[in-house]
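Biologist: I have the sequence and the structure open. Can we go through some of the helix contacts, the strands and the chain interface?

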Amino acid sequence: MPRLIKQGQITSDTWLPPAADAPAAPDSHLPNLSQWLSLADKTGSAVQLEPGDGIAELLPALDTIHLIAVSFPLFTDGRGFSYARELREHGYRGELRAVGAFLPDQMHYLRRCGFDAFQFSDESRLEEGLRQLDIFSEHYQGAIDEPRPLFRRRN
Amino acid sequence: MYQYDQYDQRIVDERVTQFRDQTRRYLAGELSDAEFLPLRLQNGLYVQRLAPMLRIAVPYGLLSSTQLRKLAHIARHYDKGYAHVSTRQNIQLNWPQLEEVPDILAELASVQMHAIQTSGNCIRNTTTDQFAGVAADELQDPRPWCEIIRQWSTLHPEFAFLPRKFKIAVCASKQDRAAIHAHDIGIELLTNGAGDYGFKVLVGGGLGRTPVIGSVVCEWVDSQHLLTYLEAILRVYNQHGRRDNKYKARIKILVKAMGVEAFREAVEREWVTLKDGPSTLTDEEIARAKSFFTTPPYASLDGAETAKALRERCAADPIFGNWVARNTTAHRAPGYRAVTISLKATGVAPGDVTDRQLELLADLADQFSFAELRTTHQQNMVLADVEETALYTLWQQLQGAGLATPNIGYITDVICCPGGDYCSLANAKSIPVAEAIQARFEDLDYLYDLGPIELNISGCMNACGHHHIGHIGILGVDKKGAEFYQISLGGSQSKEAAIGKILGPSFGQEDVPDVVEKILDSYVNLREEEETFLQTFNRVGIEPFKERVYAKTH
């Protein structure tokens, strides 16, 4: 079973990456955006976003989605950071999972942007990822973890 | 100037710890070259032709004497005894050891400095007017706003992996000394006449391969909404900027592709969710930022009297008088002037300064200018608050250290990137070209007769020397492995910003001084009365210059 970091711990679950070229997602594979859009009932659904998908099409169903995975095929492509923040700002409360080739060194920023689960393509990075989760104890700007910027908290 | 409290210090200290760990993991093989690359770049570390290059942040160009002494120590202990002022007002070291960079960062943190986001595809150092706080044409000091932007952009979790680098400049005066039209975001402080301050926001300016003058995306943003508006712009860019081609990845390409109207609408849509949120600036925060940039305790001087004494001194010592005329600027406070220290002596790479010079400048800042000094995007330094009666003593000390070249704003005040001597991106050398031009125009009478001329040299398309906006711009190009130089004329970084026009086919390195001389001969022949080079160019266009430069010799 694929291993990942969730709630600050290494755990595992049964979700597999999207299988493309199928009209509907096979069992236990995350639906990609177009597969997800074709679901008749989105209650408790899961979906994986790729860079370029944007979040607009998810907005009407944010209350019902259970898991949104945001894919990082390249760690240098930072679109997913904005997707996460926007999803949270629009009120999404389900699991928000970073998946792919991101680095342990990006964990802290990812978490600040609203991700609460992290699945590396390279599972040997899980321990390092955990270690880096809270590498900074203070921040200037507000984000999802702490919406108030430092200037509203300084004393 | 801004002083860290325990929060700022903690953030910078934790960054040093993080980078020390990243360097260790890289050297242990736990991070690949490709993975370490953006991590080190976001700490200012390049791997260059001969050695790594470390770019140290100098937020909006302001340094204390304590920081200068630390830089001198670092240059001596970890480098070859000199440092370089960049066109983003930062300080670069050309010879640090990769293994020692964490120690250098720790030294910097001990004097409230860092190298955060001085490179990489993230928000870079915000720049502004080197005469901030003393300029007579200023609406308000821009530096509190720069500091507010610095804090917002530092380690911003959402915008650390943008399509490309992102540069912001702030102008708060009538004359633009921050080149806001040539930045990804240019911010101009305005007042509405009813006592309110706000910002005009330009977007999509930039140099590089495709030079573009910025477009107005918003005529007026209320000051408390500055950060949420910037965040909205960055969010549109982060999601929609091109990532398939690094030469088309800057925000200017996105703004052009979308059209400024559609871009503005996209920003407004993002802004709806951010505006009035927790990142809205409070009056307390604006007041706190301003409290660090108050008027220094100026002596109460009789300006008429000090000016008269200065005139007499200048008349008695014409060499001093010439330096005063060329290298000092009018000041808001009676009896004071701002002094520009030329880092453009002939025979020294433009913008280079030695450890000894840094220490002398620290002493002079303590003695004459409230212990502060500024770097300029023209790669010089400024002592902003010098009493007119102290100028002579100051000048003598500068002269003894080779820091009194009276050429500010003239053609030998060359703006120049490190070029092919140091930079692995460069197509061609730039420093030897600068030196050859400086040597050609060493005659001061001729230099002054030519009047104000900005000459900018970049060793490649990345345009670190800002050649597009030089009155005369020189760009190093590679032709089948040989170095050539393309020349453009008529660029300008003022509020009437313009991109220079290319003169024609490029030249070999040894021909460049001759070509520049021909261009200036044409100007001298063509000019009317008090016309500057740029005014003449704007009147006659490029053709007469072209004819003269490319004329067949008989």
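**Helices, strands and an interface**

Modeller: Start with two helices of chain B: B:L310, B:R313, B:C314 and B:A315 in α10(B) meet B:F320, B:G321 and B:V324 in α11(B). Keep in mind that this is a predicted model.

Biologist: What classes do the residues of that contact divide into?

Modeller: Five are nonpolar, one is polar and one is charged.

Biologist: And at roughly what angle do the axes of α10(B) and α11(B) cross?

Modeller: Roughly 125°, and the axes come within 5 Å. Angles of 65 to 115 degrees count as roughly perpendicular and those over 145 as roughly antiparallel, so α10(B) and α11(B) are oblique to each other.

Biologist: What about α16(B) and α18(B), how do their axes cross?

Modeller: Helix α16 of chain B covers residues 512–526 and helix α18 of chain B covers 543–550. Their axes come within 9 Å and cross at roughly 130°. α16(B) and α18(B) are therefore oblique to each other.

Biologist: Is that crossing left-handed or right-handed?

Modeller: The crossing of α16(B) and α18(B) is right-handed.

Biologist: Which residues meet there?

Modeller: From α16(B), B:V515, B:K518, B:I519, B:D521, B:S522 and B:L526; from α18(B), B:P544, B:F545, B:R548 and B:V549. Six residues of this contact are nonpolar, one is polar and three are charged.

Biologist: Why would residues three or four places apart point the same way?

Modeller: An α-helix has 3.6 residues a turn, so residues at that spacing point the same way.

Biologist: New topic. How many residues of α5(B) are buried?

Modeller: 11 of its 11 residues, 143–153, so the helix is mostly covered; a residue counts as buried if 20 or more other C-beta atoms lie within 10 Å of its own. Among the buried ones are B:W145, B:I148 and B:W152, and also the charged residues B:R143, B:E147 and B:R150.

Biologist: What do they pack against?

Modeller: Strands and helices of chain B: β3 (62–64), β6 (127–128), β7 (168–171), β8 (185–191), α6 (226–240) and α9 (283–291).

Biologist: Which residue takes a positive phi just after α5(B)?

Modeller: B:L155, with a phi of about 55°.

Biologist: You listed β8(B). How many bridges join β8(B) to β9(B)?

Modeller: Seven, and the two strands run antiparallel. B:L189 stands opposite B:F199 in β9(B). The hairpin has five residues between the strands, and B:G193 there takes a positive phi near 85°.

Biologist: Where does β9(B) go from there, and how many bridges join it to β10(B)?

Modeller: Five bridges join β9(B) to β10(B), residues 215–222, and these strands run antiparallel. B:V201 has B:C218 in β10(B) as its bridge partner.

Biologist: In what order do the five strands of the open sheet come?

Modeller: The order is β1-β2-β5-β4-β13 in chain B, with antiparallel pairing. The edge strands, β1 (45–47) and β13 (352–354), each pair on one side only. From one strand to the next, the twist averages 30°.

Biologist: How many bridges are there between β1(B) and β2(B)?

Modeller: Three, in the antiparallel sense. One pair is B:L45 with B:L54 in β2(B).

Biologist: Last one. How many residues of chain A are in contact with chain B?

Modeller: 30 residues of chain A, in contact with 28 of chain B. On the chain A side, α2 (79–89) and α3 (107–112) each supply at least two residues. The largest share, five residues, comes from α2(A). By class, that side has 12 nonpolar, eight polar and 10 charged residues.

Conventions. Residues numbered from 1 in each chain as written. Chains lettered and ligands numbered in written order. Predicted model: local features only at pLDDT ≥ 70, side-chain atom pairs only at ≥ 80, totals over all residues. Contact = placed C-beta atoms within 7 Å. Helix = DSSP H or I, 4+ residues; strand = E, 2+ residues; numbered from the N terminus. Axes fitted to C-alpha atoms, helices over the stretch in contact; angles between N-to-C directions. Parallel < 35°, antiparallel > 145°, perpendicular 65-115°, else oblique. Left-handed = near helix turned anticlockwise from the far one by under 90°. Buried ≥ 20, exposed ≤ 12 C-beta atoms within 10 Å, placed from the backbone. Pairing = 2+ DSSP bridges.
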